[in-house]
Amino acid sequence: MKISKTIDLTGELCPINFIKAKIALEDLNKQEILEIYLDDGMPIKNVPRSLELDGHIVLLIEKANEAYRVLVQREGLNV
Amino acid sequence: MSEFSNEQIERYSRNMVLNEIGITGQRKINKVKVLVIGAGGLGSPVLMYLAAAGVGDIGIIDGDKIELSNLQRQTIHATENIGMSKVQSAKKFIKRLNTDVKVTTYEYFLNKDNSQEIISKYDLIIDGVDNFQSRYLVNDTCVYLKKPLVEAGIIGFVGMVTLILSDDGPCYRCLYPEIPDRAPTCSKAGVLGATAGIIGSIQASEAIKYIVGIEENLNGRVIFWDGLTSTIHEVKLHRNKDCLSSSPKRK
């Protein structure tokens with residue numbers, strides 16, 4: 001699985017982390033994959049769900065040390 | 001502004017999280033050029049919300065100076081600035097709120113000799129004048145130049161607001177072909193400050209919606225707000241085939 005871009009959103013609060021993920025996805029072509037690092041708590045609870053509501057596909061959520069690693073496939077047009 | 005700074009992402013975050021605006025819509029807001037005609041009661045909330053939203057380039061035209069009696073409703077102006085031109089005071093307000101906004105001031109009134117030159121420079125026009133003559137001039141020029149116009153008027157506790165898209169909708173003269181009998185001007189009559197706040201805020205909302213492309217808008221509809229009874233009425237507005245407005249293409 002080829003990752004096109006990685007962003008570290010640990011330390012970012014809602015909704016700034018979500019917006020930065022949206023902006024990063026906007027730069028990708030359809031079906032390309034964005035790798036995101038998110039904090040535990042509200043960020044990992046909310047951001048993947050919000051990206052799915054935008055029409056993107058969350059492929060993977062896994063623990064990565066203190067944070068979470070999330071892979072998202074760009075699908076939604078509404079960025 | 002093709003790339004957003006961290007500060008801009010934070011400043012505009014509550015716009016950007018809205019599905020109807022998003023990143024793309026915010027880019028449009030940051031690029032658009034809007035002319036606000038009149039920096040008074042309606043212009044105050046309009047300028048405040050457009051500047052706060054990050055409208056890239058705002059033109060303000062008004063030849064008046066601030067008077068004490070203005071401050072009851074013209075909320076962007078300050079007591080210490082009485083006697084200052086309204087456009088300079090408005091520019092100071094905007095610069096304090098958001099330095100992303102470019103502000104151009106026109107320290108005189110719109111008239112038939114300058115209206116086309118000024119209005120033609122902007123993507124969207126917002127009318128906040130206080131008399132019928134100016135309102136017809138703004139309407140006719142926008143219809144002629146095919147510029148979208150957010151039109152509004154207030155008196156006492158009541159106000160009206162509509163969106164005029166000259167290509168395919170009715171205009172102000174389709175609603176009021178000529179000056180109504182005994183029409184008082186705002187400067188002579190009473191008006192509740194909050195009436196200006198409500199109607200001007202609807203103008204700002206319609207403007208942002210138009211900029212980002214939200215299609216359900218006030219084109220072909222007029223909202224009448226009655227603050228005494230706290231009610232809103234809406235009427236459908238149709239194009240008048242005998243409309244007196246100056247564009248021959250409309251006939």
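A residue is called buried here when its relative accessible area is under 20%. By that cut-off, in this predicted model, both faces of strand 4 of chain A are covered, with Ala67(A), Arg69(A), Leu71(A) and Gln73(A) buried on one side and Tyr68(A), Val70(A) and Val72(A) buried on the other.

**Strand 4 of chain A and its partners**

- Strand 4 of chain A covers residues 67–73, and because seven of its seven residues are buried, the strand is largely enclosed by the rest of the structure.
- Strand 2 of chain A, made up of residues 33–38, runs antiparallel to strand 4 of chain A and is joined to it by six bridges; within this pairing, Leu38(A) has Tyr68(A) as its bridge partner.
- Strand 3 of chain A, residues 57–64, is likewise antiparallel to strand 4 of chain A, and seven bridges join the two; here Ile57(A) stands opposite Gln73(A).
- Strand 3 and strand 4 of chain A form a hairpin in which two residues lie between the strands, and Asn65(A), in the turn, has a positive phi of about 55°.

**Overall form of chain B**

- The secondary structure of chain B consists of nine helices and eight strands.
- For 251 residues a compact globule would have a radius of gyration near 18 Å, and the 17 Å computed for chain B agrees with this; the C-alpha trace of chain B spans about 55 × 40 × 40 Å along its principal axes.
- Among the contacts in chain B with a separation of 6 or more, 67% are between residues 24 or more positions apart.

**Burial, surface and charge in chain B**

- Of the 251 residues of chain B, 53% count as buried, while the chain exposes about 11,700 Å², of which carbon and sulfur atoms supply 52%.
- Chain B carries 30 positive and 28 negative side chains, and the centres of these two sets lie 2 Å apart.

**Asp57(B)**

- Asp57(B) is found in strand 2 of chain B, which comprises residues 57–61.
- The relative accessible area of Asp57(B) is 9%, which is under the 20% cut-off, and the residue therefore counts as buried.
- When neighbours within four places in sequence are left aside, Asp57(B) is in contact with Val32(B), Lys33(B) and Val34(B), and also with Lys102(B), Thr104(B) and Tyr122(B).

Technical notes: Residues are numbered from 1 along each chain as its sequence is written. Chains are lettered from A and ligands numbered from 1 in the order in which they are written. This is a predicted model: local features need pLDDT of at least 70, side-chain atom pairs count only at pLDDT 80 or more; totals for chains, interfaces and linings use all residues. Side-chain values use heavy atoms; hydrogens and water are left out. Buried means under 20% relative accessible area, exposed over 50%, partly exposed in between (1.4 Å probe, protein chains only). Helices (H or I, at least four residues) and strands (E, at least two) are DSSP runs, numbered from the N terminus. Two strands pair if DSSP finds at least two bridges between them. The radius of gyration is taken over C-alpha atoms; the globule rule is 2.2 Å times the number of residues to the power 0.38. Contact means heavy atoms within 4.5 Å. Accessible areas come from the Shrake-Rupley method with a 1.4 Å probe; for residues, only the protein chains shown count as cover. Lys and Arg count as positive and Asp and Glu as negative; His and the chain ends are not counted. The place of a charge is taken as NZ of Lys, CZ of Arg, CG of Asp or CD of Glu.
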